[in-house]
Amino acid sequence: VRLIYVEEAVREHPRTQAILAKYPTADVISCANYQAVFNRKGQNFRQQKELGPALILAEKRGRRVMAAPPGFGIGHQHNFYFSHLLNCPYDCRYCFLQGMYQSANLVLFVNFDDFMQDIRDTVAQHPAGSCIFFSGYDGDSLALDGLSGFLSAFLPFFRELSEATLELRSKSTQIRSLLAHEPLPNVVAAFSLMPDVVARKVEHKAPSIAKRLAAIKKLVTAGWQVGIRFDPLIQVQEFDAEYASLVRQLQAIIPVQQLHSVSVGALRFPVKMLDKLQRLYPKDRLLLYPFEQKKGVSSYPESLEQAMKAEVTQLVTQWVGADKLFSCEVA
Amino acid sequence: VSLVIDETNGIRSTGAMKKDLSQTADTCALLVAAALPVELRPLIDCFSATRLEGTGPWPVYSNPDKRVMLVETGVGMLAAAAAVSHTLARFNLPNTCTVLNVGIAGSGAYERGQWVLAQEVVDTTTSSHYYLRPPRIAGLERGCVRSYGQPSDDYGLSALLDMEAAGVVSAAKRFVALEQVWVAKLVSDKSLAQQHALDKQAVRQLLQDQFAGLMPVLGEALQYSDRQRAATDLPPVPPQWLERLHFSVSHKRRLARLWRSYRVYFPDYQQLDLNRFGSAREVIQFLETQLKTVSSHWEAV
């Protein structure tokens with residue numbers, strides 16, 4: 001991190017001070033409100049990724065816990081997400097964040113205590129065991145953990161709040177904090193995966209599939225529950241064989257009882273978002289794929305999408321049965 | 001007014017400003033804006049630029065291949081914003097070019113003769129803040145530039161004091177990404193007394209003495225623009241089609257979308273006989289049929 005913007009309101013926050021101390025040579029710029037940096041029009045997401053995103057330390061005000069979109073869940077009655085982090089250090093070409101945000105800068109909200117209070121309040125309003133909280137909806141849960149101390153704060157919190165579930169969704173291999181804690185039955189470390197041949201082409205700057213598999217192996221060895229997210233499914237030559245191989249590798253390292261869930265989702269973009277992404281990356285073959293447009297959504301032709309989902313569904317069902325398999329239908 | 005389909009903006013009206021494209025400078029990689037002739041002179045000399053004829057209210061210069069253009073904006077944010085807008089629009093400069101504001105500035109925090117690249121620019125008349133991403137160049141400081149409506153003596157601030165930067169940024173960001181807008185200031189005065197002592201000769205001498213410090217910035221600016229062009233530059237929908245065939249508005253949108261994909265998946269698109277199609281429908285059908293053959297081979301390079 002070479003450039004850090006700090007919202008004046010959190011300048012003296014202990015987490016801000018700790019982070020600034022880790023980067024003594026970074027340029028630090030004060031701002032009145034993070035939105036003046038992050039939401040300003042005229043920024044170019046692609047260029048900021050190339051330059052190296054700046055870090056913005058801010059306070060999250062207003063609603064901190066949101067209902068997850070319909071179709072986004074892994075078996076709980078009430079699905080919520082919270083975003084202590086906006087954006088992620090990776091540069092996956094299919095990621096909806098690059099179409100949603102004006103900026104590729106990373107926003108870290110340092111007021112963890114306020115998030116925790118809102119989570120506590122939400123849980124109190126629902127039956128015990130019915131709530132799950134997704135932390136990796138607007139960013140990668142683990143990627144900045146070394147910097148943010150997110151897990152050091154939230155794992156003890158969810159140990160106490162045992163009637164709620166936390167999903168950490170990530171492509172990161174930063175699992176040191178998880179390994180340093182006792183496994184929690186209500187915390188799921190979920191990893192997004194796809195065949196290596198595709199990941200190499202579209203998941204820029206993300207850890208390789210081999211490294212993610214190694215991280216998964218360490219976590220299950222330590223006793224953590226893991227989730228697997230085949231989301232998005234991206235077409236590739238020898239699709240069936242590639243996914244069969246990936247599932248075989250997972251079978252070899254994850255005992256079924258430690259596999260919390262598997263979810264499968266197709267590659268989909270809102271039409272306007274895809275249009276924006278194509279203008280950002282006008283030479284990118286994935287984004288320029290001749291997707292079909294239907295009801296405001298660009299996606300693979302229906303028959304192809306169904307065939308891909310059916311194939312992966314079958315592989316997963318043979319492995320763990322249908323109970324742990326979930327379909328993600330968010331567009 | 002005609003319609004243009006281009007990569008960045010989709011379908012847009014070119015507007016009256018761009019009717020006369022005889023002076024289009026689509027090769028431009030760098031637009032330099034400076035307030036005073038004495039500030040622009042070393043850059044004009046550096047690029048062997050000459051003044052263009054008929055450029056309207058502001059003197060505009062370019063090097064022989066129009067890769068670098070320079071505009072003398074006049075003093076103040078309003079003049080700077082107007083001159084930059086005019087030049088970018090009048091010459092239809094590509095949205096890949098870097099816009100660089102160069103000039104002198106006061107500061108109590110930096111040494112006289114030091115170049116500083118702005119990471120933050122403040123328009124003190126509106127309190128607007130602009131956050132920039134200048135390159136990190138060894139030996140060059142990065143800092144905050146505060147633009148005032150009249151000469152300022154706020155030398156106690158840690159910022160640089162000028163009268164144009166915010167005008168350049170606010171105008172340029174409407175044409176190019178904010179990351180392509182850079183501000184380089186040379187500290188010319190550290191006190192009111194020094195400010196009053198500044199005359200044309202003193203500024204000329206200061207710029208001459210310190211000009212070498214700006215050279216890496218100019219080099220970076222040109223390279224940055226080249227990288228943006230390489231990342232985004234692809235030919236627009238063939239104008240022959242738009243001129244010869246009738247496309248409805250919805251067909252134009254579809255054509256733009258299909259063409260984007262076609263030129264990426266069919267690298268031999270330049271061999272396509274553009275005159276073989278008798279109607280807009282034929283063009284669209286052809287592109288759709290071709291693109292249907294793209295399936296599992298999408299990832300093949």
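**Close-up views of a predicted two-chain model**

**View 1. Helix α1 of chain A on its strands.** Helix α1 (residues 14-22) of chain A lies across β1, β2, β3 (55-58) and β8 (106-109) of chain A, and runs at about 160° to β3(A). Helices (H or I, at least four residues) and strands (E, at least two) are DSSP runs numbered from the N terminus; axes are lines fitted to C-alpha atoms, for helices over the stretch in contact (heavy atoms within 4.5 Å), and angles run from 0 to 180 degrees between N-to-C directions. This is a predicted model, in which local features need pLDDT of at least 70 and side-chain atom pairs pLDDT 80 or more, while totals for chains, interfaces and linings use all residues. Residues are numbered from 1 along each chain as its sequence is written, chains are lettered from A and ligands numbered from 1 in the order written, and side-chain values use heavy atoms, without hydrogens or water.

**View 2. The open sheet of chain A.** Here 5 strands line up as β2-β1-β3-β8-β6, with mixed pairing (two strands pair if DSSP finds at least two bridges between them). Because β2 and β6 (85-86) of chain A each have a single partner strand, one side of each is left without a neighbour in the sheet. β1(A) and β2(A) pair in the parallel sense over 5 bridges, and A:Tyr5 stands opposite A:Ile29 in β2(A).

**View 3. Where chain A meets chain B.** Welcome to the contact, which takes 43 residues from chain A and 39 residues from chain B. There are 3 salt bridges between the chains (a side-chain nitrogen of Lys or Arg within 4 Å of a carboxyl oxygen of Asp or Glu). In one of them, B:Arg260 joins A:Asp275, with the closest N and O atoms 2.8 Å apart.
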